[in-house]
Amino acid sequence: MAVSESKATGAEERLRLMAVHAHPDDESSKGAATMARYVAEGHDVMVVTCTGGEAGSVLNPAMDKPEVHANMPELRREEMARAAKILGVQHRWLGFIDSGLPEGEPMPPLPEGCFAAIPMEEPVRELVRAIREFKPHVVTTYDENGGYPHPDHIRCHEVSVAAYDAASDPERFPEAGQPWQPLKLYYSHGFSRAKLTAFHQALTSRGLDSPYSEWLSRWDPDKADVIERVTTRVRCAEYFEVRDEALKAHATQIDPNSRWFAVPLEVQREVWPTEEYELVRSLVDTTLPEDDLFAGVREKVTT
């Protein structure tokens with residue numbers, strides 16, 4: 001175990017957060033304001049993107065052009081670079097191929113060689129390598145449902161959990177660097193019924209149109225709300241504008257006139273000023289509920 005404990009200077013060490021995502025743009029729609037906050041506080045944040053997003057559709061009508069479709073891989077790399085710069089994060093590609101979102105009855109097989117179809121060992125090794133090189137104290141990823149059931153999101157969850165567990169084991173992937181033990185693992189939770197309901201009510205009470213009526217009407221009332229799993233709410237409202245700018249950097253994927261931006265920032269800051277996480281592994285003492293992904297870690301790595 002190679003966890004650094006800075007005892008020489010008496011000053012707080014720059015803490016390190018790694019956020020593992022399936023595609024470029026996921027980092028900006030899930031936990032971006034949290035990352036921007038920690039960067040502003042002087043900590044190091046790395047986004048790891050498992051695939052290049054090559055199979056993504058063009059979701060912004062203004063970008064629905066032949067030259068865009070012809071250059072999607074290159075454009076998505078450029079968009080990711082812009083978003084990373086806006087957020088102030090380091091970025092690393094794992095280099096795997098986007099699986100696409102299969103549709104139809106019966107569901108078609110996944111493309112050969114794509115991220116969700118290849119053996120787990122290869123992406124786990126590459127993420128272990130990234131963990132051992134960056135040495136994060138905290139890792140975030142998706143839950144077992146992937147946030148939503150895209151095969152790459154589910155595989156991202158599987159790979160992240162396996163790599164978190166393997167990174168500290170000297171017998172696993174010795175060619176991938178010296179062992180490193182992250183101290184905490186979280187699942188990020190973005191879309192909850194409670195959050196959408198709060199936004200819907202905030203908009204309608206102000207006489208504004210809500211884009212969430214149909215979404216909420218189709219929500220299965222017997223389905224548990226993921227908010228019940230949340231252990232950690234990070235206050236990051238002052239970074240919502242940075243989050244939105246990072247989202248807009250993914251111009252092929254994000255329509256600036258879409259419901260992503262339906263709730264005015266001042267309403268968001270008042271009604272829901274946090275981003276939510278579920279603590280699933282911890283090697284430090286912490287008290288739930290938390291308001292900081294580094295709760296317990298700060299005490300562990302500083303004097």
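Me: Which elements cover the buried residues of α5?

Reply: This is a predicted model, in which local features need pLDDT of at least 70 and side-chain atom pairs count only at pLDDT 80 or more, while totals for chains, interfaces and linings use all residues. Helices (H or I, at least four residues) and strands (E, at least two) are DSSP runs numbered from the N terminus, and buried means under 20% relative accessible area, exposed over 50% and partly exposed in between, for a 1.4 Å probe and protein chains only. The buried residues of α5 are Pro-123, Val-124, Glu-126, Leu-127, Val-128, Ala-130, Ile-131, Arg-132 and Phe-134. With contact taken as heavy atoms within 4.5 Å, what covers them includes β1, β2 (44-51), β3 (90-96) and α6 (151-166).

Me: What distance does helix α5 reach from its first C-alpha to its last?

Reply: Residues are numbered from 1 along each chain as its sequence is written, and side-chain values use heavy atoms, with hydrogens and water left out. Helix α5 spans residues 121-134 and has 14 residues, and the expected span of a helix is 1.5 Å times one less than its number of residues. That expectation is 20 Å, and the reach of α5 is close to it, at 20 Å.

Me: Which residues does UniProt list for "binding site"?

Reply: The record is an unreviewed entry; its positions are given in the numbering used here, feature names are shortened, and annotations may be inferred rather than shown by experiment. The listed residues are spread over 131 residues of sequence but cluster in space, with a largest C-alpha distance of 9.6 Å. The entry names His-23, Asp-26 and His-153.

Me: Is His-23 buried or exposed?

Reply: His-23 has its place in the loop between β1 (16-21) and α1 (26-29). Leaving out residues up to four places away in sequence, His-23 touches Thr-49, Thr-51, Gly-53, Asp-98, His-150, Asp-152 and His-153. Its relative accessibility is 6%, and His-23 therefore counts as buried.

Me: With which side chain does that of Asp-26 make a polar contact?

Reply: Asp-26 is found in helix α1 and is buried, with a relative accessible area of 5%. Apart from neighbours within four places in sequence, Asp-26 is in contact with His-21, Tyr-142 and His-153. A polar contact is a pair of N or O atoms within 3.5 Å; within protein, one must be able to donate a hydrogen and the other to accept it, and residues adjacent in sequence count only if both atoms are side-chain atoms. The side chain of Asp-26 makes such a contact, of 3.3 Å, with that of Tyr-142.

Me: Over the face of which residue does Arg-243 lie?

Reply: Arg-243 is found in helix α9 (residues 240-249) and is buried, with a relative accessible area of 12%. Its side chain is joined to that of Asp-244 by a polar contact of 2.9 Å. A charge sits over a ring if NZ of Lys or CZ of Arg is within 6 Å of the ring centre and within 35 degrees of the ring normal. Arg-243 is 4.4 Å from the centre of the ring it lies over, that of Phe-240.

Me: What is the relative accessible area of Ala-246?

Reply: Ala-246 is found in helix α9, whose buried residues pack against α1, α2, α4 (72-87), α10 (265-271) and β7. Residues up to four places away in sequence aside, Ala-246 touches Ser-28, Ala-83, Ile-86 and Leu-87. Ala-246 is buried, and its relative accessible area is 0%.

Me: How many aromatic pairs does a search of the whole structure find?

Reply: Rings of Phe, Tyr and Trp (its six-membered ring) pair if their centres lie within 6.5 Å, and planes under 30 degrees apart count as stacked, over 60 as edge-to-face and the rest as tilted. On this basis, the search returns a number of pairs of 6.

Me: Why is the pair of Tyr-38 and Phe-294 edge-to-face?

Reply: Tyr-38 lies in helix α2 (residues 32-40) and Phe-294 in the loop between β7 (274-282) and α11 (297-301), so the pair ties together parts that are 256 residues apart in sequence. Both Tyr-38 and Phe-294 are buried. Their ring centres are 4.9 Å apart, and the pair is edge-to-face because the planes are at 65°.
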